[in-house]
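Hi there,

Here is the structure I promised to hand over. Have a look at it first, and then read on for some notes on its aromatic rings.

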Amino acid sequence: MRALVVFAKLRYMKNKKVRLSKSVIPERYNIFIKPDLKSFKYEAEETISLVLLKSVKEISLHSKSLIIESVEYFDGRKKHKANVRYDIDSETVIFSFRTKLPKGRGELGIKFNGLLEDRLNGFYRSSYEHEGKTRHIATTQFESTFARNAFPCFDEPSAKAIFDVTLMVEKGLHAISNTLPIAIQEHEGWEIVKFAPTPKMSTYLLAFIVGNFEFIEGKTKNNVLVRVFVTPGKKKQAEFALDVGIKALDFYEQYFDIKYPLPVLDMIAIPDFSAGAMENWGAITYRETSLLIDPDHSELSTKQRVALTISHELAHQWFGNLVTMDWWTDLWLNEGFASYIEYLALDHIFPSWKMWDQFVFGDLGVALSLDGLKNTHPIEIQVHHPREIDEIFDAVSYSKGSSIIRMLANYLGEKDFRNGLRHYLKKHAYGNAITEDLWRAFEKVSGKKVAPLMRTWTKQAGYPVISVETKDVKGNISLSQERFFSSPISRKVNKKKTLWKVPVSIFKSKNKTENILIEKTSSIIKPLKKGEWIKLNLNETGFYRVKYQHAFLEDLKEAIFRKKLDPKDRLGLISNAFALAQGGYIPTTDVLDLLESYKNEENYNVWVEISSGLSHLSRILENEPFRKDFEIYCRNIFSPMVKKVDWSKKPKESHTDSLLRSLILANAVKYKDEQAIARCRVLFKSLLKGKHVDPDIKSIVYAAVAGNGALDEYKKLRKIYKHAKLHEEKHRVARVLPLFKEPAIVSDVLKFFLSKEVRNQDTMLFLAISLSSRTSKHQTWKFIKQNWKYLANKFGYGGDTRARIARALEFFTTTKDADDISAFFKKNQAPGAERAIQQSLEQIRANVEWRKKDVEGIKGCIQ
């Protein structure tokens, strides 16, 4: 149940009809657009080829913030003029005709115009500096429901059609759309660029972009032209993206056994972009930090993230574009699969990166964390109004979706899984599908009953915790399931008994593996032999947590210490331990005791999980008198590793070892290792003198300077931000500014985030980062409350922008904080972020309970 007052209006929206009539079918759009990059306006006209399944007197289309000048329908014999009226709430325009239009085919002609605003959705403007002047770009962002902001249309995924796009642009500017130009005509200093027809596709995948670009290009094995477009002067930064794009496209064609259907794939770096990237068919748009890599100044982690993003968007060219979900209820068919397949591609392209190990904390761990809340939602969830659609672009659709697909792939086996995907894509190519279509494809290929198994994972929220306990004197072992909750309060009030069909892998110390399917409350397995230990969820392929009886966990400690378990399993054990402690299933002292078994740990992915768990504990203890003692405890864990990883790269160092260095040094600085901080000060001075500093430790140097600096250091960091040409460098600086402790500096930081020096795309992100800082979060929250109306109006171009703020509120840790946040949002609307607010409130209260329950035990353990 949702308690926010703002839901009153949203419930009205839910009940209001926002879907278009199924009796009017679009087949083809012929769109002409003339954008003016000086006045920031555009003129346009379109002809939509329609099929009327019955005689109608009205035709409704989606339209928002557009001015309709004239409308005419031609039925093949007669032209019909229309009256126009707008329905603001349902984001539609209604064309009413004097007489009924006859059943059959016809053409709807519309003349309209719009504004190129800077709200980062629909058809909007972006800007950049070049040769001392501000230049502009006109670009698009249509997912989920923003095509209607650019042109009147049937803005629903199932309303697929072919698009013929013509752009009239000033001579000298590039015009880009989903396909290649087939004709260019000059007209009075302008160029009229006509593009080849698109495949049959959904409106949200259309793109048109106008600006002054440079590009580099290459070709795949099957002769597909791949290009990367950048603003002037950045071609060198596009080389990595081009290489990954070509290799990923080749991989997907082979893996799916379906050729990419277009002759070109463009990737375009946009200076102002709300998301990380958008999979427009054949014309993928990216935020600059998600596409461009400077060989000399980009971090290795950025390079990996860029490669993942490219692989994700290219996977969409099949999952999402070729086959599209029928409605947003099945968004996960797009995002969950792309979030899984991206790892397959990257593991193929960069096998030494150990991407599947990183999946365990990067996606599985993120999904388990969010889905452990009471205020989660099923993967398949009914949505209606655009405000609701915004809410499901979250870790459930992406990371839980990809995690249960990984679980299914392991259950079916690689061959049947791949062949099932191929069958699904070929059967539904250029059409739409629902979740059940995918299950049927896997069943046909594998012969297994996939649907009954997977429905328990997609149609109900949450996931199970499997308890491993000795059942009787004979030593038989009971495996029982119940829904896991990360909050003890949620667990206590939960009355619903939920069961899953759980594929469980059981690994024993003598390299024996057994696979079973738990379908009921519990199952029984045979006793262990003398000296044996047992580990469930081999390689962490299942979407569940495991709670071991104390004796079983004790037996696993030596296996952890001696690295007899795969890194994914060592990671899973400590991840489960922290989560079980938070949920009240085990005392936190058990976790700290288990940590002793990781003294010899050298694996990056395991250390990420240890770092994350200790960071969460540090947060809930931040107001305790013994906080400094816990800081020392953590410092003693990370400082010995500083000597192992050192500050400089070693010859032929592995990818993950380089990432490990950055992680360890960052934690050493965080927990006040004086030697590490002193080293960072020296490096900062070198950097100010123009000397090169390894980009992989630059963020750490900046964090050390900000966290232990004052006004002089602040001014120097602001100067670096101002003069940085690489957007990644600006991010590096902005992310650490909230670490300053002086309230006057923090106040200036917050004003800076709202200034013109910071791009609109970054403002809410930087404020969210500031909310995560112990030293600045309360000041930041006060600032946000004071400026909420301004923020909601200027940056409220999508629910995700508000959700960024809402998600960051989970970093608060007291009941007083939770009550204040709840009271604020009872009076102030946050459309598209309502569920995220409730999730953060639940997380805060779970932290309060965790602290109450275990604070004395933790204190006794670390002092």
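Please keep in mind that this is a predicted model. Counting rings of Phe, Tyr and Trp whose centres lie within 6.5 Å, the total comes to 52 aromatic pairs.

One of them is formed by Trp-328 and Phe-393, a tilted pair with 6.2 Å from centre to centre and 50° between the planes. Trp-328 sits in the loop between β20 (323-325) and α4 (331-349), and Phe-393 in the loop between α6 (386-391) and α7 (396-412), so this pair ties together parts that are 65 residues apart in sequence. Trp-328 and Phe-393 are both buried.

A second pair to look at is Phe-484 with Tyr-585. The ring centres are 5.2 Å apart and the planes are at 15°, so Phe-484 and Tyr-585 count as stacked. Here, too, distant parts of the chain are linked: Phe-484 belongs to the loop between β23 (477-483) and α11 (488-493), while Tyr-585 belongs to the loop between α13 (567-582) and α14 (588-595), 101 residues apart. Both Phe-484 and Tyr-585 are buried. Phe-484 also has a charged neighbour, as Arg-545 lies over the face of its ring, 5.4 Å from the centre.

Arg-718 makes a contact of this kind as well: its charged end sits over the ring of Phe-752, at 3.9 Å from the ring centre.

Finally, ring pairs join a set of residues into a cluster, among them Phe-251, Tyr-255, Trp-318, Trp-332, Tyr-424 and Trp-439.

Technical notes: Residues numbered from 1 in each chain as written. Predicted model: local features only at pLDDT ≥ 70, side-chain atom pairs only at ≥ 80, totals over all residues. Heavy atoms only, no water. Phe/Tyr/Trp six-rings, centres within 6.5 Å; stacked < 30°, edge-to-face > 60°. Helix = DSSP H or I, 4+ residues; strand = E, 2+ residues; numbered from the N terminus. Buried < 20%, exposed > 50% of the residue type's maximum accessible area, 1.4 Å probe, protein only. Lys NZ or Arg CZ within 6 Å of the ring centre and 35° of its normal.
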